[in-house]
Amino acid sequence: MNEVVKYHNDLNTAVMRRWTKEEMNFFFAIIAKVRGKGTSEIVFDLSELKDLVAYAERNNKRFLDIMKSLALKLNSLAYIEQNEETLKIMSIFQEFEIDNKGTYLRILVSQKFEYIINEVLENWQFTSFELAQFAQLKSTYSKTMYRLLKQWRTLGRKTFPKNELFKLLDVPKSMQRPNNFADKVLKHIKQELPVYFEGFKVTPIKSSSRGTPITGYEFSWKAEKTGEWKDFDKLEKNRKKKPVRSETVPENILAAEKEDEERKKKLQEEFFQKAMQLRDQSFEDQAQLFSEARKVDTYRMPNATQFLDTLATLMDFDLKKYWDPILKNAQSEGEENG
């Protein structure tokens with residue numbers, strides 16, 4: 001059975017690109033298996049985790065080395081929970097124990113971390129993907145980009161400012177120049193992700209200032225329908241017309257996504273009502289609401305490309321006055337960073 005990995009979007013703030021692909025595979029296999037088990041002590045048969053990620057190497061010493069390395073990295077890994085008032089940096093597991101024979105794993109989930117994996121059905125900001133697909137990716141850059149984009153799978157588009165993308169992918173400075181980034185990072189992403197994101201494209205976003213520096217990257221693909229995942233594992237790459245096999249999503253995931261859509265529509269309507277009330281108010285008041293809406297739009301609002309434009313129209317908002325200083329700052333940053 002193919003496991004579904006599901007967790008709160010906050011976990012995507014954890015940078016783990018320098019992990020090996022095996023460490024990533026086992027970590028997300030653990031995340032998939034601990035969901036719903038609370039913070040009690042959990043013991044796993046490690047042979048089950050091996051099967052989940054199709055780990056076939058028989059050298060037990062190497063396997064133990066991987067798990068020990070994972071334990072050490074988990075000890076230093078922290079995820080970030082941030083809102084307008086506070087910033088929290090928290091550890092993931094209180095305990096992580098492996099026997100010397102490599103037969104079992106005992107872990108204790110941190111109470112602070114529990115909401116990341118055990119409260120996703122009540123929380124509408126979650127990422128979900130199929131563990132088998134993730135495990136098949138070879139590049140750690142591809143693995144990281146895969147899970148980041150799965151957060152937006154039903155939207156079909158996500159734009160990252162350049163510096164934010166470098167941070168999330170943990171790209172060293174020596175590889176941040178456009179040509180190096182394209183050859184060393186994007187090359188692997190473009191080769192591997194089209195298998196799982198139909199019509200996958202990466203488009204550099206350039207400033208109109210002198211030298212047209214790249215300020216960000218847009219990732220686009222054919223949006224998946226809520227409740228449907230497309231699996232391209234067995235498709236023939238050279239065929240012009242590819243058949244698509246749709247998989248049935250587990251009922252709990254489907255229910256959560258339906259609730260997700262209903263909540264976002266309700267929130268969107270609340271913004272529209274506020275916009276009507278601010279129609280004759282000051283630019284500053286309108287700008288505050290518009291900025292709040294931009295943050296909410298990050299969570300895949302329905303018809304996201306039209307949401308902000310509609311909001312501005314309802315309150316007769318001066319978009320040029322709002323965007324000009326923001327774009328000017330972005331261009332200045334692009335010129336400084338090359």
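# A walk through a predicted fold

Let's begin at a strand pair: strand E1, residues 4–8, and strand E7 run antiparallel to each other and are joined over 5 bridges. Before I go on, please keep in mind that this is a predicted model. Within that pair, Tyr7 is the residue that stands opposite Thr127 of E7.

Stay with E7 for a moment. How many of the residues of E7 are buried? The answer is 5 of the 5, residues 126–130, so the strand is largely enclosed by the rest of the structure. Here is a handy rule for looking at it: in a regular strand, side chains alternate between the two faces of the sheet. In E7, Phe126, Ser128 and Glu130 are on one side, Thr127 and Phe129 are on the other, and all of them are buried, which leaves both faces covered.

Now find the sheet made of 3 strands in the order E2-E6-E5. This sheet is open, and its pairing is antiparallel. Strand E2 (42–45) and strand E5 (93–98) each have a single partner strand, so one side of each is left without a neighbour in the sheet. On average, neighbouring strands here are turned by 15° against each other, if we ignore direction. Between E2 and E6 there are 4 bridges, and in one of the pairings Val43 has Arg106 of E6 as its bridge partner. Helix H3 packs on this sheet and touches E5 and E6, with its direction at about 165° to that of E5.

Leu77 sits between helix H3 (60–76) and strand E3 (78–82). Is Leu77 buried or exposed? Leu77 has a relative accessible area of 6%, so it counts as buried. Leu77 and Ala14 are 63 residues apart along the chain, yet their C-alpha atoms are separated by 7.2 Å.

Compare that with another loop residue, Gln111, found between strand E6 (104–109) and helix H4 (114–118). Gln111 has a relative accessible area of 60%, and therefore it is exposed.

E8 and strand E10, residues 214–220, pair over 5 bridges, and Thr159 has Glu218 in E10 as its bridge partner.

Helix H6 (residues 140–150) packs with H8 (residues 178–192) at about 65°, and their axes are 8 Å apart. On the H6 side we find Tyr141, Ser142 and Met145, which meet Lys184, Val185, His188, Ile189 and Glu192 of H8. Sorted by type, the residues of this contact are 4 nonpolar, 2 polar and 2 charged.

Next, the inside. In soluble globular proteins, nonpolar side chains tend to be buried together. The largest nonpolar core here has 65 residues, and those touching the most other members are Phe27, Phe28, Ile30, Met145, Ile189 and Phe219. Helix H1, residues 21–34, gives this core its largest share, 9 residues. Another core lies apart from it, with 15 residues that include Phe272, Ala287, Phe307 and Leu311.

Most residues other than glycine have a negative phi. Ala54, though, has a positive phi, near 55°. Ala54 is in the loop between helix H2 (46–52) and H3, and at 65% relative accessibility it counts as exposed. Asp316 also has a positive phi, near 55°. You will find Asp316 in the loop between helix H11 (304–314) and helix H12 (319–337), where it is exposed, with a relative accessible area of 56%.

Technical notes
Residues numbered from 1 in each chain as written. Predicted model: local features only at pLDDT ≥ 70, side-chain atom pairs only at ≥ 80, totals over all residues. Heavy atoms only, no water. Axes fitted to C-alpha atoms, helices over the stretch in contact; angles between N-to-C directions. Helix = DSSP H or I, 4+ residues; strand = E, 2+ residues; numbered from the N terminus. Contact = heavy atoms within 4.5 Å. Nonpolar A, V, L, I, M, F, W, Y, C, P; charged D, E, K, R; others polar. Buried < 20%, exposed > 50% of the residue type's maximum accessible area, 1.4 Å probe, protein only. Pairing = 2+ DSSP bridges. Core = buried A, V, L, I, M, F, W, Y, C linked by side-chain atoms within 4.5 Å.
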